[in-house]
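Reader: I'm new to this one. Please take me through it in questions and answers, starting from a single residue.

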Amino acid sequence: MPNHDQSHLIFSEAKNLIPGGVNSPARAFGAVGGEPIVIERGEGAYLIDVDGNRYLDYVQSWGPMILGHAHPVVVEAIQTALLKGTSFGAPTEAENKLAKLIIDLVPSVEKIRFVNSGTEATMSAIRLARGFTGRNKIVKFIGNYHGHVDALLVAAGSSAATLGVPNSLGVTPGSVEDTILLPYNNVDAIKKTFQKFGKDIAAVIVEPVAGNMGCVIGSSNFLYELRHWTQANGAVLIFDEVLSGFRAGKGGAGQRFSITPDVTTLGKVIGGGLPVGAYGGKAEIMDHVLPVGNVFQAGTLSGNPLAMAAGISTIQMLQKINAFPVLERKMAMLAEGLEDEARSAGIPAAVEQIGSMMTLFFLAEHEDNSEKYHVSSRTFHGSMVDRSTATSSTGGCFANKITDWETASMCNTQRYATFFWNMLERGFYFPCSQFETFFMSTVITESEIQQTIDAVKEVFKTL
Ligand SMILES: *Cc1c(COP(=O)(O)O)cnc(C)c1O
């Protein structure tokens with residue numbers, strides 16, 4: 001076991017200063033037991049902890065670091081912006097630049113508003129939808145996470161689930177009484193709900209590719225039905241692509257599946273590692289936001305020049321190197337490798353992968369290939385980008401054994417925890433919960449992926 005003495009020392013102090021020693025529960029290692037390691041710095045594909053251990057990083061700050069850590073181009077962009085001052089509370093041209101880049105890449109976005117986190121983005125999108133429609137009810141899906149917005153903090157996936165706190169204290173019954181919870185990927189439930197409440201529903205908010213109960217892919221049928229029922233009833237369809245934006249497809253899941261939501265929420269990658277969120281969509285809806293409309297939403301540091309610089313340089317770099325097909329191919333390579341090794345080792349597992357997102361789910365021992373898993377009939381993920389460069393996937397990548405929170409939550413979390421610690425010991429930093437997503441970055445090489453598969457093979461022998 002690598003030495004974690006300094007991590008332990010620093011984390012012990014942190015626990016006296018910060019609740020649980022962390023500023024976000026997802027990083028507390030609660031679901032795998034033990035203490036988090038404390039990071040000293042990031043270097044490309046690697047994290048280096050305070051004890052000097054190096055880890056190949058598949059967490060990437062939970063999504064944003066798609067170019068790896070301290071990418072020279074991003075660092076330079078931030079430095080240039082930094083020297084000019086960090087915040088003015090006044091318009092800057094950089095905001096237009098990032099807005100234009102996103103509008104070009106995400107087909108559903110005509111106008112966009114920048115905020116400081118994904119949570120702010122979804123909170124604002126919900127308020128906008130309610131203001132625009134004059135209705136109260138919202139629909140959310142079990143196992144989808146949309147940040148810690150009161151009205152959305154029910155059945156909210158990983159952080160809540162792994163801590164065994166399905167609903168937060170402090171969320172009043174009133175703030176969730178207009179929230180309708182439905183199972184993910186279930187077309188029937190949508191139909192019934194709209195037949196009953198259609199004209200009262202302000203918005204449906206969904207992760208079109210879910211990343212917060214592990215990577216669980218919304219079927220195109222499910223997403224088409226959502227578009228159909230919201231449109232037919234005048235409800236706003238919100239795609240929460242804070243995680244899947246620039247990950248599930250080059251313009252997010254909406255672009256990949258060719259479905260146009262009314263509003264899209266973004267975050268993570270668009271900030272290049274700085275705090276950013278955004279919501280954007282049809283101009284006629286976005287123009288209901290103050291100062292043109294009457295839906296209030298503001299932010300002292302919103303659109304600040306450092307975050308804009310990091311976002312602009314990240315997205316420009318992704319475009320310049322045509323990153324998306326490569327990211328997808330590399331993630332498919334890892335997914336297939338893991339699946340093959342699981343099969344050889346006789347370990348029941350399902351690998352769900354799309355774009356640069358993936359989760360290795362350990363199935364409950366007696367339930368491999370069981371009919372309990374609703375195996376989806378869909379065999380492709382919408383309009384695949386560049387099929388020629390994406391590895392052909394026939395196995396778990398497209399098996400869709402895990403389709404919703406019900407199937408995800410049956411997984412063997414104990415086995416995942418053992419797997420996690422064994423991989424960490426070998427220098428691989430995987431998400432510290434079965435219900436989180438692995439990410440690929442542009443700086444992870446094929447030989448590093450092969451090393452990962454080899455290490456997984458060794459670990460599988462011990463499980
Ligand atoms: C991370 C995430 C959020 C919340 O973003 P924060 O920046 O952590 O507030 C919202 N929705 C989805 C889908 C996310 O993955």
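Predicted model: local features only at pLDDT ≥ 70, side-chain atom pairs only at ≥ 80, totals over all residues.

Reader: Is Thr265 buried or exposed?
Author: Buried means under 20% relative accessible area, exposed over 50%, and partly exposed in between (1.4 Å probe, protein chains only). Thr265 has a relative accessible area of 0%, so the label is buried.

Reader: Let's move to the ligand; which residues are around the ligand?
Author: A residue is near a molecule if one of its heavy atoms lies within 4 Å of it. For the ligand, those residues are Ser117, Gly118, Thr119, Tyr145, His146, Gly147, Glu207, Asn212, Asp240, Val242, Leu243 and Lys268.

Reader: How many residues of that shell are charged?
Author: Ala, Val, Leu, Ile, Met, Phe, Trp, Tyr, Cys and Pro count as nonpolar, Asp, Glu, Lys and Arg as charged, and the others, Gly among them, as polar. The shell has three nonpolar residues and six polar ones, and the number of charged ones is three.

Reader: How much of the ligand's accessible area does the protein cover?
Author: First the polar contacts, meaning pairs of N or O atoms within 3.5 Å; within protein, one must be able to donate a hydrogen and the other to accept it, and residues adjacent in sequence count only if both atoms are side-chain atoms. A ligand oxygen is 2.6 Å from an N or O atom in the Thr119 side chain, a ligand nitrogen is 2.7 Å from one in the Asp240 side chain, and a ligand oxygen is 2.7 Å from one in the Lys268 side chain. Areas come from the Shrake-Rupley method with a 1.4 Å probe; for residues, only the protein chains shown count as cover. Of the 380 Å² that the ligand has on its own, the protein covers 83%.

Reader: How far apart are the end C-alpha atoms of helix H14?
Author: H14 has 13 residues, 413-425. The expected span of a helix is 1.5 Å times one less than its number of residues. That predicts 18 Å, which agrees with the distance in the model, 18 Å.

Reader: What covers the buried residues of H14?
Author: Among the residues of H14 that are buried are Tyr416, Phe420, Trp421 and Leu424. What covers the buried residues includes strands S3 (54-57), S14 (357-362), S15 (428-429) and S16 (438-439), along with helix H15 (446-462).

Reader: What is phi of Asn185?
Author: Trp62, in the loop between S3 and helix H2 (72-83), has a positive phi near 70°. Asn185 lies in the loop between strand S6 (179-182) and helix H7 (187-197). Asn185 isn't a glycine either, yet its phi is positive, about 65°.

Reader: Last one: the side chain of Ser356 makes a polar contact with the side chain of which residue?
Author: Ser356 lies in the loop between strand S13 (349-354) and S14. At 0% relative accessibility, Ser356 counts as buried. Its contacts, again skipping neighbours within four places, include Ile66, Leu327 and Phe438. The side-chain partner, at 3.0 Å, is Arg247.

Notes. Residues numbered from 1 in each chain as written. Heavy atoms only, no water. Helix = DSSP H or I, 4+ residues; strand = E, 2+ residues; numbered from the N terminus. Contact = heavy atoms within 4.5 Å.
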